[in-house]
Amino acid sequence: MLSIVFSSVILALLLTFSHKFLTGDGDFTLLSKGKVKRESFQDKVVWITGASRGIGEVLAKQLATLGAKLIISARNEPELERVKNQISALNLGKHGPEGVEILPLDLSSGEDAIREVVEKAISLFGGAGVDYVIHNAAFERPKSTALDVPEASLNATLDVNVVGPISLTRLLLPHMLKKGKGHFVVMSSAAGKAPAPGQAVYSASKFALNGYFHSLRSEFYQKGIMVTVVCPGPIEASNAPATSTASKEKRVSSERCAELVLVAVSHGLKEAWISYQPVLAVMYLVQYMPSVGFWLMDKIGAKRVETAAKKGNTYSMNLLFGRKKE
């Protein structure tokens, strides 16, 4: 009798595990944490790069509702003004319009220019400094083979995705160390954990980010510096047209992605994955069974590039099983 009960419990657990694995939109540790800890952001200064649209804009709005003071940065100042005005018009933040500061920033402008922006950032809100930095700005070009990436795109990708965030971090870190605390949130990518055929340079930039920030955390963790690396798969932009390629692919919404980012950060996770299947499965395979994961990506790599050229679903299981491309 006990063996039957035990077997039933094991079966139920396996079914629950399988269901969560197949239908979840994040890794198991992330989803187990539940809701955002509001107190983590209440009255804290959060600096978001790439805040003029997409996930950055959504993060700004969600953080405002959590009582954070915001510094929003991007190259497009009018769009930053729009985001600030929306936060104010919707009465999202407890601090009102004074709780959102606009700080234009071009991550490819070089260290001297970035230094000036950092000095201004730490002087805002009465010199409160910066508690969190969300490295969200990124450059991504359409999918193509590794041979088809021109030098200009190579340089732009590395400048914005790697050199800029590292420079900003190096310049801001001493100020955080003086305070004895600080938290860097890095919006990396599933392409920074697993091969991404058609996105070789973008993938390289995200692998570089992961390596730098995990290393930085290990160096300064005992001095109060935290790092959360977030690796999203395909994300649905809030304003994506219905006819876009994204509509053919199952994507996590920007709102849900931002929510999960804040869950990960408020619970102090060091890394978090956000995606639906089959991307999550590939990430788990590459992480824990690399030979199998790399074999899988080798099998579908060329098909994925061909599918991207036809604006098809580059995340479809059909790539593996050889069915007719979408």
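A: Aspartate 131 is buried, with a relative accessible area of 12% (buried means under 20%, exposed over 50%, partly exposed in between, with a 1.4 Å probe and protein chains only). This is a predicted model, in which local features need pLDDT of at least 70 and side-chain atom pairs count only at pLDDT 80 or more, while totals for chains, interfaces and linings use all residues. Residues are numbered from 1 along each chain as its sequence is written, and side-chain values use heavy atoms, leaving out hydrogens and water.

Aspartate 131 forms a salt bridge with lysine 179 (3.0 Å, N to O); the term requires a side-chain nitrogen of Lys or Arg within 4 Å of a carboxyl oxygen of Asp or Glu. Aspartate 131 lies in the loop between α5 (111-127) and β4 (132-135) and lysine 179 in helix α6 (residues 151-179), so the pair ties together parts 48 residues apart in sequence (helices, H or I of at least four residues, and strands, E of at least two, are DSSP runs numbered from the N terminus). Lysine 179 is partly exposed, at 34%. Elsewhere, salt bridges with shared partners join Glu57, Lys61, Glu79 and Arg82 into one network.

The structure holds 11 salt bridges. One of them pairs aspartate 25 with arginine 256, the closest N and O atoms being 2.7 Å apart. This pair links distant parts of the chain, 231 residues apart: aspartate 25 is in the loop between α1 (2-23) and α2 (28-32), and arginine 256 is in helix α8 (residues 254-266). Aspartate 25 is buried at 9% relative accessibility, whereas arginine 256 is partly exposed at 26%.
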